[in-house]
Amino acid sequence: MGLCLRNCLCIVLIATAAVGGVSSNHGVFSVKYRYAGRERSLSLLKEHDARRQQRILAGVDLPLGGSSRPDGVGLYYAKIGIGTPPKDYYVQVDTGSDIMWVNCIQCKECPRRSSLGIELTLYDIKDSSTGKFVTCDQEFCHGVYGGPLTDCTANTSCPYLEIYGDGSSTTGYFVQDVVQYDKVSGDLQTTSTNGSLIFGCGARQSGNLDSTNEEALDGIIGFGKSNSSMISQLASSGGVRKMFAHCLDGVNGGGIFAIGHVVQPEVNKTPLVPNQPHYSINMTAVQVGLDFLNLPTDVFGVGDNKGTIIDSGTTLAYLPEMVYEPLVSKIISQQPDLKVHTVHDEYTCFQYSESVDEGFPNVTFHFENSVSLKVYPHEYLFPFEDLWCIGWQNSGMQSRDRKNMTLLGDLVLSNKLVLYDLENQFIGWTEYNCSSSIKVQDERTGTVHLVGSHYLSSDCSLNTQWCIILLLLSLLLHLLIHQS
């Protein structure tokens, strides 16, 4: 019974792919919140983001492009089908990595079970009639490594290796197979569809990716910028537009993750910083209430970390020390009688019994093209025991590689529809009710379909029904025994 109830905490998002060109369909992925309903400690939040940032920065120098990996406190994951006949795989949806990969049958160090209440599956190419190896002389392999591999011989598989800043790694080889998901056939209606994708077959994992990871998944789906990412592969085949959006519901959990042309709501757009491995944009000013912070003009472009990184895989928000200190000081000054505590040597917390939205100012970030992003007190303040803690973090206190970076995570991105347009090289957003619906358009037919936020349990409904049936049967048996 405990397993059934724990599974119910996983909230499903619908990810819709607006398909143009060769098809008039829209594709759907079911994306679930990994830790919905679970109480996370302050140290766990910071540990998650620290690992996340290490992986973002370490990925810059990898031959596969800007990459990350499934983290210890991952946020969202999708259930997809791979192979013919299809088998189910649970993979993290990640805007910070480029390739899709799943654990494979020959892997000795891969996890075999997960505490998330999901059944893990090891991919076996022999079980799929549509699976085939990707060789090192194929164009895809040349694209990943920037040219032909040395010592490449006929029929040799194209390898992949990712090593992350925290010491974890995944290695294996590329394969190609059919990936199945649902397509939108009408307003809030779906049917099954598929597409052929190249992805990594994980033969060996280490660190937080191996069998010691209790909250394990089967792999990840990368929605990064490189040509090897899932969104790029689907777009190159004419399957989808090279754009996607997410709307993370910070109030109820869940939300929407959509691939394709979102036509409603409209978003305010700012250009991506060119030649950056991640989704980076130019921040121009920070406003607290009605006042603008007096900041140096170059504070948001330090070293190689040019621009502000937008990353839905990060929980909090990280600001350079020259921004963090006056920002927090301005927030605290709104209530002179506050008794401020430092929790875990890094979180600024205080007691406050009134409405935080009435007692503290909004924080507004301004970006290129006169685009602004407003964060409300109930979003940047979060409760911890009997305190309120500030979610802004000082990146000046981070390690050397992450020092004074600007990175905005779910603290800022929640309750907004965020659109990533790789065709036109911009990111856009608007405040939105993420428990409502959006509209996506088929570029070939002009048809617009309504896509809503769906809160479906993973295995919860079926398991709970069986739990209830078994409970009733046991009660009935108990009554029969005592009556006899």
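Predicted model: local features only at pLDDT ≥ 70, side-chain atom pairs only at ≥ 80, totals over all residues.
Ser 280 lies in strand E15 (residues 280-281) and counts as buried because its relative accessibility is 2%, where buried means under 20%. Apart from neighbours within four places in sequence, Ser 280 is in contact with residues including Pro 271, Val 273, Lys 306 and Ile 309.

Side chains of opposite charge can pair when their charged atoms come close, and the structure holds six salt bridges. In one of them, the side chains of Arg 204 and Glu 109 meet at 3.8 Å, N to O. This pair links distant parts of the chain, 95 residues apart, with Arg 204 in strand E9 and Glu 109 in the loop between strands E5 and E6. Arg 204 is exposed at 53% relative accessible area, whereas Glu 109 is partly exposed at 27%.

Another salt bridge joins Asp 291 and Lys 330 (3.0 Å, N to O); Asp 291 lies in strand E17 and Lys 330 in helix H5, so the pair ties together parts that are 39 residues apart in sequence.

Glu 379 also forms a salt bridge with Lys 416, their closest N and O atoms being 3.8 Å apart. Because Glu 379 lies in helix H7 and Lys 416 in strand E30, this pair ties together parts 37 residues apart in sequence, and both Glu 379 and Lys 416 are buried.

Methods
Residues numbered from 1 in each chain as written. Heavy atoms only, no water. Helix = DSSP H or I, 4+ residues; strand = E, 2+ residues; numbered from the N terminus. Buried < 20%, exposed > 50% of the residue type's maximum accessible area, 1.4 Å probe, protein only. Contact = heavy atoms within 4.5 Å. Salt bridge = Lys/Arg side-chain N within 4 Å of Asp/Glu carboxyl O.
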